[in-house]
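Visitor: Could you take me through one part of this model up close? I'd like the spot and its surroundings in one go.

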Amino acid sequence: MTGPGLFITFEGIDGSGKSTQARLLAAHLQDEGHDVILTREPGGSPGAEEIRSLVLEGDPDRWSAETEILLFTAARRDHLERLIAPALARGQIVICDRFADSTRMYQGLSRGDLRGLVDQLHDLMIGREPDMTLLIDMEPDVGLGRALSRRGTEERFEEFGEEMQVRMRAGFLELAREFADRFHIIDGAQGIDTVAADVRDVVARALAAR
Ligand code: ADP
Ligand code: TYD
């Protein structure tokens, strides 16, 4: 584990239950007396939230694939500088709904193979990984059904449809093998409370091991 704080991220396809589980975990750890910050990407700081609307709203072809990588990375840099790094330095637990693994998947896979470019920019401008990543895994049709049922103005990537979500799921599972030291795969097809209990167990073990 790096630094005095603990940096936990949630990853997975759209609608897999990340936001729900991030919220429940934050509440649980707070109840246990931990000092917790719950945040999300893209966004999490005022500047990064402005970039969020630039990348998630409007015409899907508004940005080239490369520009999009720059925008997500710019948002992350601001979020890291202003919120995440200071919180970890103070010893807080930071729970973040998506982080760099989402860029590796969405920008790295969706419009050609740009994973190399994503990684280069990450090394240059972000240079840190979470201590622990919880991958909420499930069949894409379940996740997409959930995501589309709460559809709003941020439909940029959900529009990609099921075939892309199938590739994303496989990509996330591959990423879990690549970063096996920090990834934990959680079965997201279970009920909300069962998923939350699995998440709590994994995090409790990590906290106990520190
Ligand atoms: P994500 O952040 O991964 O897109 P959300 O947490 O926003 O996912 O969940 C998407 C939708 O599915 C929400 O309406 C949420 O209430 C519902 N949901 C979340 N987890 C479950 C679950 N385990 N079973 C059934 N519905 C769920
Ligand atoms: P999010 O609000 O987590 O959406 P959802 O609740 O549907 O999972 O993220 C919004 C979208 O942004 C989502 O479709 C994934 C996409 N995204 C990227 O393409 N790249 C990134 O680096 C991040 C953080 C998110």
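**Serine 16 and its surroundings**

Guide: Leaving out neighbours within four places in sequence, serine 16 is in contact (heavy atoms within 4.5 Å) with Ile136, Met138, Arg146 and Gly188. Before going on: this is a predicted model, where local features need pLDDT of at least 70, side-chain atom pairs count only at pLDDT 80 or more, and totals for chains, interfaces and linings use all residues. Residues are numbered from 1 along each chain as its sequence is written, chains are lettered from A and ligands numbered from 1 in the order in which they are written, and side-chain values use heavy atoms, with hydrogens and water left out.

Serine 16 sits in the loop between β1 (6–11) and α1; helices (H or I, at least four residues) and strands (E, at least two) are DSSP runs, numbered from the N terminus. With a relative accessible area of 2%, serine 16 is buried (under 20%, 1.4 Å probe, protein chains only). A polar atom of its side chain lies 2.8 Å from the backbone oxygen of isoleucine 13, and a backbone N or O atom of serine 16 is 3.1 Å from an oxygen atom of ligand 1. Both are polar contacts, meaning N or O pairs within 3.5 Å; within protein, one atom must be able to donate a hydrogen and the other to accept it, and residues adjacent in sequence count only if both atoms are side-chain atoms.

As for ligand 1, a polar side-chain atom of lysine 18 lies 2.6 Å from one of its oxygen atoms, while a nitrogen atom of ligand 1 is 2.9 Å from a polar backbone atom of glutamine 190.

Definitions and conventions:
Buried < 20%, exposed > 50% of the residue type's maximum accessible area, 1.4 Å probe, protein only.
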